[in-house]
Amino acid sequence: MSHRSTPAPGVMTGSDSAADEAISHAGYSQQFKRTLKSFESFAVAFSFISITTGLFSTYGTVLGKGGPAGIWTWPIVGAGTVMVALVYGMLASRIPLSGYSYQWASRLASPVLGWWFGWVSFAFLAIVAVAVDYGLAQTALFPLFGWTYTPLSGALVTAVVLLVQMVLIIWSTPITTKINNLAVSAEIVAMIGLTLLIAGFAIFGGHAEWSNLTSTGVASQDGYFGWLGPFMLSALLGAFTLVGWESAANLAEETINPKKVVPRAMVRAILLSVAIGMVFLIVVTAALGTDVAGITASSAPVAQVIANVVGAGVARAFLVVVSVAIFACGLVIMVSCSRLVHAMARDGRLPFSGALSRVPRATGGPTWATVVAAGASMLIVLTFSGNADALGELLGAGTLMPAILYAGTVALYLGTRRKYRPQPDDFRLGKWEKPVVAGAVVWLVIELSIFMIPSDFRMAQLYALGSLVLGAVVFAVVWATRRDRLTAEPGMGVESL
């Protein structure tokens, strides 16, 4: 049975005939204009990762859990993430459709499994958007304007930011893309420039304390390097930051030549983020000086280090760039979430699918899908509005959910690998495929152990459990009212994509 979509009046189709043919074979009509080239696709992935967002938001948590030495978990997480991204690249090249893991699971396994992949992706994107915008408020905007942070004021600012992002996405995809491109360029230049500036001031000004690189700070030294000890808990630094690169795959239908561009964009974004982030972490950690305990207690430790070393004026100027970068990160997350909702709705697998799948203009976002994405994040803000440790708990939830999704997607690849009939233009790893997939599995087992066994992440686990319970309710509604959409796939078989 085919549930073929029809384009909205006035909708322009893209110009990439090969990619558009894949959409047609999948049972859809092209509803977005293809505007994302190689740099734009990379920028989407890099912006979602946003090392400034991750480092500003999680550095203080790492100082508390594992001390300054916890930064050395960063390259470990980076290596594991690259291997997972390479697996994603093979799937993204094979099925270049919006909805990424939802589409892959639905077409390679079953629509029911695909629905659950989509729901977990939605839960991840909704919570991580809030975590990022909370980070924007607490670690950037409040220090920038000299405001006193309170749980309520943080929630209000976060809600306003979410509303602005929603309006921009609905209004214009090209403008959203330009904002993101500008933010990414500014972020790269600012991070490199600031790293050099802090290093110069710290070394020649006598602020550098290189022993910090091996210091446990205020963290407990009991079993520090033990399995699931304080050092391993510091993996939150990289595990929260190095996520979202798959958003490039979620915008495959808006990307020119996605089969080649998307896999490379994801891997390049991770590699550049790991490289710049590692150097920045080393420099900032050395620049902590001797007052490690005092800076650990700060609500914005990175901003505090910058102010201490290079002065309040430079710190304020950099916080402007940081604010733009974090805003763009949240913007890309909501874009990705809206595209996921749209992808599920056009298959008729959500309540009110007609409205949620509608794209009024090829150069704008899907209106009601974006409203749903923003609305889900708003509800989460309301839930955390009185929580003094909201950012820390949001970071945990925003780390566990993608780990579950990544593990499920790699398992999907392993389970369907024998059905794979490679096409000449597919992204492939050749002889490196088996070791890369094995490495991805090992890393994901370690990551899930870190964020599921210790009691430190109980709130994250409760969010994951709660989202699954809510998902069961929504699934029951869809199953009762739209069962035919969950038992048949639109379009032709996956071998035609």
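Trainee: Not counting residues up to four places away in sequence, which residues does Ala343 touch?

Mentor: Bear in mind that this is a predicted model, where local features need pLDDT of at least 70, side-chain atom pairs count only at pLDDT 80 or more, and totals for chains, interfaces and linings use all residues. Residues are numbered from 1 along each chain as its sequence is written, and side-chain values use heavy atoms, with hydrogens and water left out. Contact here means heavy atoms within 4.5 Å. On that basis, Ala343 touches Ser98, Gly99, Tyr102 and Gln103.

Trainee: Is Ala343 buried or exposed?

Mentor: Ala343 lies in helix H15, residues 312-346; helices are DSSP runs of H or I with at least four residues, strands are runs of E with at least two, and both are numbered from the N terminus. Buried means under 20% relative accessible area, exposed over 50%, and partly exposed in between, using a 1.4 Å probe and protein chains only. Ala343 has a relative accessible area of 0%, so this residue is buried.

Trainee: Which helices do the buried residues of H20 pack against?

Mentor: H20 covers residues 458-481. Its buried residues include Tyr463, Phe475 and Val478. The partners of the buried set are helices H6 (111-145), H17 (367-384), H18 (390-416) and H19 (433-452).

Trainee: How far does H20 reach from its first C-alpha to its last?

Mentor: The expected span of a helix is 1.5 Å times one less than its number of residues. With 24 residues, H20 is expected to span 34 Å, and its actual reach in the model is close to that, at 35 Å.

Trainee: What separates the C-alpha atoms of Val478 and Pro351?

Mentor: Val478 sits in helix H20 and is buried, with a relative accessible area of 1%. Leaving aside neighbours within four places in sequence, its contacts include Trp115, Arg349 and Pro351. Val478 and Pro351 are 127 residues apart along the chain, yet their C-alpha atoms are separated by 6.5 Å.

Trainee: What is the radius of gyration of the protein?

Mentor: We take the radius over C-alpha atoms, and the globule rule is 2.2 Å times the number of residues to the power 0.38. For 497 residues, a compact globule would come out near 23 Å, and the protein agrees with that, at 22 Å.
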